[in-house]
Amino acid sequence: MSLLFEPLRLRDLSVTNRAWLAPMCQYSAGSDGVPGDWHLAHLGSFAVGGFGLLLTEATAVVPAGRISPQDVGIWNDEQVAAWRRITAFVHEQGAAIGTQLAHAGRKASVFRPWSTVQGSVPAAEGGWTTLGPTDVPFPGYAAPAAMTTEQVAAVPGQFATAARRAHAAGFDVVELHAAHGYLLHQFLSPLTNTRTDAYGGTPANRARLLVETADAVRAVWPDGKPLLVRVSATDWAPGGLEPADVAVVVKELAAHGVDLVDVSTGGLVPAQVPVAAGYQVPHARTIREASGTAAAAVGLITSAEQAEQVLRDGAADAILLGRQALRDPHWPLRAARELGDAVAWPPQYQRAAWR
């Protein structure tokens, strides 16, 4: 048996394999944030395709936390009911599913990528005033309102309420989105957090919101269910976060009940990123080794052999696939065949398993 198809246990959850679906925004909900048939078909195809754990797209904890007006959310009961339909189908296929809880901060209220216009959505077209650590905008976007200390202190409770709903919706895992330039990342990085209150200044103060959010979620999230955090290991910009900085935060998060870190990079500010095959894997290794915390690697991992080698090298405990999964929703089934592993196929697809 390859390492890719060995189970991974996180608390009481045993994930059947280490080929996981990365969170990928779909921008396909209505203005009510309710996931629909597209999300059922989209996520359902990966469960059928053999992924051990599926992570949803960034799921807003409050309406103002959406990246676009078409983002999904988990702030009301209608959304919970819609998500429950999806988690039930995924479970029927033998897969686990997690939700990525998110607040976009100053990168909220933008047009979805395929819109004929880009940038911030005006209020007349369904947009809203965004929030951030300061009133400095992401380049090309409208300026956010600088959050008061009281507004910042309310954020962990918003995530905790969303986590309660995630449990009611049948999710097995919660992941906090602290990467890609969204709110928790905005507070973590010195490039965007120049506050002088308890949430800014020192590295510990800049990490305070993320740690408090992890504490608030862990307090309401069942003890047997894993808690993950996605981080950007580097901002790819002078004066920004580097892997050693993030490893310190991850070690602290592990002491506050976080079970695995999902290691990505960038997104905070426009930057030149040296994209290449497996370009983020070294950062996952650095953070995994420096923090002593389980880690998942993501970013241009495309072949079964490459994924297996990342695991054998000890760079990560699991592999997250994004664009490669979109190209091939049944990637794990094909990968198992290529690696010579006997894994369960859906009975409807058995005829394709080995012949």
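## Cavity lining

Strand E4 supplies the largest share of the lining of the largest cavity, three residues; strands here are DSSP E runs of at least two residues, numbered from the N terminus. The lining consists of Ala58, Thr59, Ala60, Gly65, Arg66, Ile67, Asp71, Ala102, His177 and Tyr182. A cavity is a set of points on a 1 Å grid over the protein atoms alone where a 1.4 Å probe fits but cannot get out, and lining residues have an atom within 4 Å of a point. The largest cavity holds about 40 Å³ of space, and the count at 30 Å³ or more is one.

This is a predicted model, in which local features need pLDDT of at least 70, side-chain atom pairs count only at pLDDT 80 or more, and totals for chains, interfaces and linings use all residues. Residues are numbered from 1 along each chain as its sequence is written, and side-chain values use heavy atoms, without hydrogens or water.

## Barrel

Eight strands close into a barrel in the order E3-E4-E5-E8-E9-E10-E11-E12, with parallel pairing; two strands pair if DSSP finds at least two bridges between them. The twist from one strand to the next averages 30°. Strand E3 (residues 19-21) is joined to E4 (residues 53-60) by two bridges, and Trp20 has Leu53 as its bridge partner in E4.

How values were computed: Helix = DSSP H or I, 4+ residues; strand = E, 2+ residues; numbered from the N terminus. Axes fitted to C-alpha atoms, helices over the stretch in contact; angles between N-to-C directions. 1 Å grid on protein atoms, 1.4 Å probe; cavity = no way out; pocket = protein on both sides within 12 Å on 5 of 7 lines; lining within 4 Å. Points joined across faces, edges and corners; volume = space filled by probe spheres on them.
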